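Student: I am new to this structure and would be grateful for a close look at one part of it, the pairing of strands towards the end of the chain. Please then relate that part to its wider setting.

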Amino acid sequence: MRKKILIIVVAIAAILFIGRCNKENKTIMPVELRTEYLYAPIGVGTPKPRLTWYYENEGNEPSIISRYEVKIGTDPNHLKKYEEGMTFKPHTTYYWNVTAWDGKGKKCKVSETASFETAKFSATDWSARWITDTHDKEYEPAPLFRKIVTINKEVDKARLYIAAAGYYDVFINDVKMGDNYLDPGYTHFDKRILYVTHDITNDLVSGENIIAAALGNGWYNEQSVAVWNFHEACWRNRPRMMCEIRITYTDGSVETIGTDESWKTSAGPYLYNNLYSGDIFDARLDRGWKLLGYDDSQWQPATLTDSPAPIIEAQHMPAIAVTDYYEADSVKKFSDELYVYSFPENISGLCNLYIKGPAGTKVTLRYGELLKENGRLEQGNIDVYYHPVKSYEKFQTDIYYLKGDESGEVYMPSFTYHGFRYVEVETSEPVELKKDNLTAYFIRTDLDPVGNFNCSNELMNKIWDATMLAYRSNIHSIPTDCPQREKNGWTADAHIAIDLGLLGFDGITFYEKWMNDFIDNQREAGDISGIIPSSGWGYGEFPGPVWDAALFIIPNALYNYYGDTRCIETLYPTMERYMTYLQTKEKEGGYLPFGLGDWVYWKATTNNEYTSTAYYYSDNKLMARFAALMGKDASPYKQKAARLKDMINNTFFDTSANTYAEGTQTAQALALYLGLVPEGKEQAVADKLREVVAANNHFPDFGLLGSKTVPAMLTQYGYVEDAMKMVLKTEAPSWGYWVETMGYTTLPETWTLSPEFHDASLNHVFMGDVSAWMMNHIAGINYDEKQPGFKNIIITPQFVKGLEWAEGNYWSANGYIYSSWKRGSEGITMEVDIPTNCTADIIVKGEKQSVGSGAHQFIFKE
């Protein structure tokens, strides 16, 4: 009897255990928990931080999440359910995790616990003061600052918060804080300045510590003359900073040490620094000013000054940093005083020099993208807009004076960067230099890579690689046009490249920061400039609406790629004011008869009135979408878009010839891309596009607008083979000509380089949307506008002739996406991987199959 009872008890226990197990899903777990799209950040500057994550599934069945719960608190062992509207305090560490339930109501694995630390939300959270020195903005040696801080108790946690107008390098006991470079990011300094948070807990020692800082000019104090008039910027002044150290001791007490007049200041070895020319550093003057025992009795008290801007906010985007290192391919010795180094790729950054020589030896490093026939450096293609007025100001040139250390010395500039593949090193005294004396450092905003494309055609792979290298070379707290000649935030360059950028890199906070610069850039009339930030250059009717469209296109892209509306919400008032401004510029009937169009075209020109008005239509279409998302009245924008569409078609569309404007490749493709073509006429317009392309022997005949639209529209309307012929050309004009025939490792600005080298950078990304075409149409990975953030993925691969296989992978906001196909004896085998809690539509040859999450395989007949 006891045996039967025991068996019954065990059976009941097993049933209860199985019942509990059946109520749990142990294969799904929330992962990649981030705050403000950063992992465990310590400088969160908003009281309403965004918490994001996605799901991973160790099982094979498609999975949907029915609900989730976030728990949060200051004690990781006692978390409470997150409630909407919950308030957060500054200078506080929070812990959080996520619990989810699957589509059957089963509880999934609880995520690991993540953390974030808030910093400063407003001016009242600062006790530090802004300081500078007594010199004016024309004084060239960089200001240095020192402060002794004494620690008498055991430190639990210490943070250093620093805002600067200009760039800063900050040191504790002669050790540079952080891997950041050229901090903080570039802004309209009279409107907004960013601050950065450093964890210095392990850098402070018991007793005395020396805090030291050097400030560079950056964009705040442009002392040289160039076309864009930054030397006349309204914000321009002597560099200044506000720095605050907050120490929490193990006894719970908190001490704050901030910049004030007790800090000491002087000048030193940083003789000159400029973003267009370079740094000049005299190591003989570097006498230990960052060390504790240094005699600073001759230094002066720092000068208190007002904040340069009303907004001081946290820098949430990844910092500029050294991301790669390159050894020289070769070094050519011309004499004991002259060497030329060649590196494997064209990059943005600097060089690290190791050298031995007599004290006072002048070392000059000149950077460029080309060599002359004699092997010397050629800067003629990039120095055209720089107009120095001082004899020692040389474009892309750093100068270092040796201190004469017998063991050798190392130098790398602090407050500039260059675009280069070649470096010419010249010395005033004979020195022996070898290949390993100079190392190239790739410096850029350190966005994480998230996407890659690969296929059986090596030319296409080279084009992809060159595009991504050019993109990486042009992210320096703003998206730039080129890393040498201009370094400007050209608006059209950025919106044309937004898809290739977001398909390759996790860029949401980077672009959100830049879009805040649009807010600060807008003038009272509502207009914005063609470069952002701007000293005042580029406003008005040049460059115009096609460029200004970045104000709408980039927030829309962030919504499509991330499903996040914050940028739209933040920019909406700016967009409204801009739309009101455009209305004042309309020609009778609604045209916009001004602005640039298909920039750097080959031969065929496209009517600028057509392109400007077409983007005016696009602006209104996007504003209607944004208004609906914000719960506002979208009808005025819908109606305006409809009127503009009718007007464009009545004026620029030849219904008998099925051509727009001059019938160029760009004109045809742009109408299709923006949705201007009357319903039922789309294929006829696309057929005409294909005819125009074929008549040109499949060579590109367009500029930046055509580069964005022609391959994509050919493919969308059934002419992928024609698009492929265009992409694989190796004669000019073509992408293949750049990377195969000319051997460029990045994308140039123009289809060919003029013999005079005038005005043509070799490191521009704005013609690189062909790489987005590869990911979207060859690998087939696309977002779904109706379910943004890749909640639903549209997979549209093109099994184009001449390719044996292709694959794309992408870490989306909702998880990992993979799409590949390969030709074989049974046909074409396609494999896709869809993230947990997502779905996909697989569209091949017009046939659609809808699938859930997980791995899937398909076989298609040729």
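Tutor: Two strands are said to pair if DSSP finds at least two bridges between them. The model described here is a predicted one.

With that criterion in hand, consider strand 38 (residues 792-795) and strand 42 (residues 839-844), which run parallel and are joined by four bridges. One of the bridges links Asn792 to its partner Thr839 in strand 42. Strand 42 also pairs with strand 43 (residues 847-851), here in the antiparallel sense and over five bridges. In that pairing, Ala840 has Val851 of strand 43 as its bridge partner. Strand 42 and strand 43 form a hairpin, with two residues between the strands. Lys845 lies in the turn of this hairpin and has a positive phi of about 55°.

Among the bridged residues are Gly808 and its partner in strand 40, Ser819.

Strand 10 (residues 144-151) pairs with strand 18 (residues 264-266) over three bridges, in the antiparallel sense. Arg146 has Lys264 as its bridge partner in strand 18.

The wider setting also includes packed helices. Two packed helices are described by the angle between their axes and the distance between those axes. Helix 5 (residues 508-521) packs on helix 7 (residues 550-562) at an angle of about 155°, with the axes 11 Å apart. The angle therefore makes helix 5 roughly antiparallel to helix 7. The contact includes Tyr511, Trp514 and Phe518 of helix 5, together with Ile554, Leu558 and Tyr562 of helix 7. Its residues divide into eleven nonpolar, no polar and one charged.

Helix 8 (residues 566-583) and helix 9 (residues 608-629) pack at about 140°, again with axes 11 Å apart. Helix 8 and helix 9 are therefore oblique to each other, and helix 8 passes helix 9 in a left-handed crossing. Among the residues that make this contact are Tyr572, Met575 and Met579 of helix 8, and Tyr616, Met623 and Phe626 of helix 9. By type, the contact has eleven nonpolar, two polar and two charged residues.

Finally, these parts belong to a protein with 16 helices and 44 strands. The C-alpha trace spans about 95 × 80 × 55 Å along its principal axes. A compact globule of 862 residues would have a radius of gyration near 29 Å, and the protein, with 29 Å, agrees with that value.

Note on methods
Residues are numbered from 1 along each chain as its sequence is written. This is a predicted model: local features need pLDDT of at least 70, side-chain atom pairs count only at pLDDT 80 or more; totals for chains, interfaces and linings use all residues. Side-chain values use heavy atoms; hydrogens and water are left out. Axes are lines fitted to C-alpha atoms, for helices over the stretch in contact, and angles run from 0 to 180 degrees between N-to-C directions. Angles under 35 degrees count as roughly parallel, over 145 as roughly antiparallel, 65 to 115 as roughly perpendicular and the rest as oblique. A crossing is left-handed if the near helix is turned anticlockwise from the far one by less than a right angle, and right-handed if clockwise. Contact means heavy atoms within 4.5 Å. Ala, Val, Leu, Ile, Met, Phe, Trp, Tyr, Cys and Pro count as nonpolar, Asp, Glu, Lys and Arg as charged, and the others, Gly among them, as polar. The radius of gyration is taken over C-alpha atoms; the globule rule is 2.2 Å times the number of residues to the power 0.38.
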